[in-house]
Amino acid sequence: MLDRIYIFGEEILRKKLKPVSEITDCEKALFDEMLKVMYKANGLGLAANQVGIDKLMCVIDAGGKIFKLANPKIIKKSGKYVMEEGCLSLPDIVIKVERAKELTCRALNENNETIEFEATGLLCRAIQHEIDHLNGKLIIDYAPFWKKVALHKRLQGLRKKV
């Protein structure tokens, strides 16, 4: 059972994760547990490393449609827009992040099928956010230097909790 969300300063959040070779009952159960943790924290997406799991897996609930993705990869993107984002691993911190407006994603779904789909809006942003997590990148990495300086004490406080 997954018991917590890992926060800034914990090593696994900066690690590139291992690909999933196939979706077994173990991965299906992990997807379901991740959704429970995500909903409990009022999130709309969660990557496996945020719960301490070294696998390229994430879950997203964008507008009531649930996505359970393994090895997600953006194969095409277009447009740009900036929006403030928060993160369950950086509590109470928001950063303006420029993301693609539209994308095409390829991934393995919970039925062990390779799927390809287009995304816009909130789903598009959430996919990019979660794929960043799976590659060891956090929203703080998008912050300008002055913002990082301004947040230094809060980030140190998060690190001390680790």
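Predicted model: local features only at pLDDT ≥ 70, side-chain atom pairs only at ≥ 80, totals over all residues.
Residues are numbered from 1 along each chain as its sequence is written, and side-chain values use heavy atoms, with hydrogens and water left out.

Start with the sheet. Helices (H or I, at least four residues) and strands (E, at least two) are DSSP runs, numbered from the N terminus. Five strands form an open sheet in the order E1-E2-E3-E6-E7, and the pairing is antiparallel. Strand E1 (45–47) and E7 are the edge strands; each has a single partner, so one side of each lacks a neighbour in the sheet. On average, neighbouring strands are turned by 40 degrees against each other, direction ignored. Two strands pair if DSSP finds at least two bridges between them. What holds strands together in general? Strands of a sheet pair through backbone hydrogen bonds, either parallel or antiparallel.

Look at one pair. E1 and strand E2 (residues 57–62) run antiparallel and are joined by 3 bridges. Glycine 45 sits opposite isoleucine 60 in E2.

Contact means heavy atoms within 4.5 Å. Helix H2 (residues 121–134) lies across E1, E2, E3, E6 and E7, and it runs at about 125 degrees to E7.

Stay with H1. Its 16 residues reach 23 Å from first C-alpha to last, close to the 22 Å expected at 1.5 Å a residue. That expected span is 1.5 Å times one less than the number of residues. Which residues of H1 are buried? They are Glu27, Leu30, Phe31, Met34, Leu35, Val37 and Met38. These residues cover an arc of only 165 degrees around the axis, which puts them on the same side of H1. The arc is that of the directions from the helix axis to the C-beta atoms. Buried means under 20% relative accessible area, exposed over 50%, and partly exposed in between (1.4 Å probe, protein chains only). The buried residues of H1 pack against E1, E2 and E3. The face turned away from them carries the exposed residues Asp25, Lys36 and Lys40. After H1 comes asparagine 42, with a positive phi near 60 degrees.

Next, visit the loop between E1 and E2. Asparagine 49 is in this loop. It is buried, because its relative accessible area is 0%. Among the residues that asparagine 49 touches are Tyr6, Ile12 and His133, not counting residues up to four places away in sequence. Glycine 52 is in the loop between E1 and E2 too. At 27%, glycine 52 is partly exposed. Glycine 52 and tyrosine 6 are 46 residues apart in sequence, yet 6.7 Å apart in space, C-alpha to C-alpha.

Finish at asparagine 109, in the loop between strand E6 (102–108) and strand E7 (114–120). Is asparagine 109 buried or exposed? With 9% relative accessibility, asparagine 109 counts as buried. Its side chain reaches the backbone nitrogen of asparagine 111 at 2.8 Å. Leaving aside neighbours within four places in sequence, asparagine 109 is in contact with Ile23, Lys68 and Ile115.

Key:
Polar contact = N/O pair within 3.5 Å; in protein donor to acceptor, adjacent residues only side chain to side chain. Axes fitted to C-alpha atoms, helices over the stretch in contact; angles between N-to-C directions.
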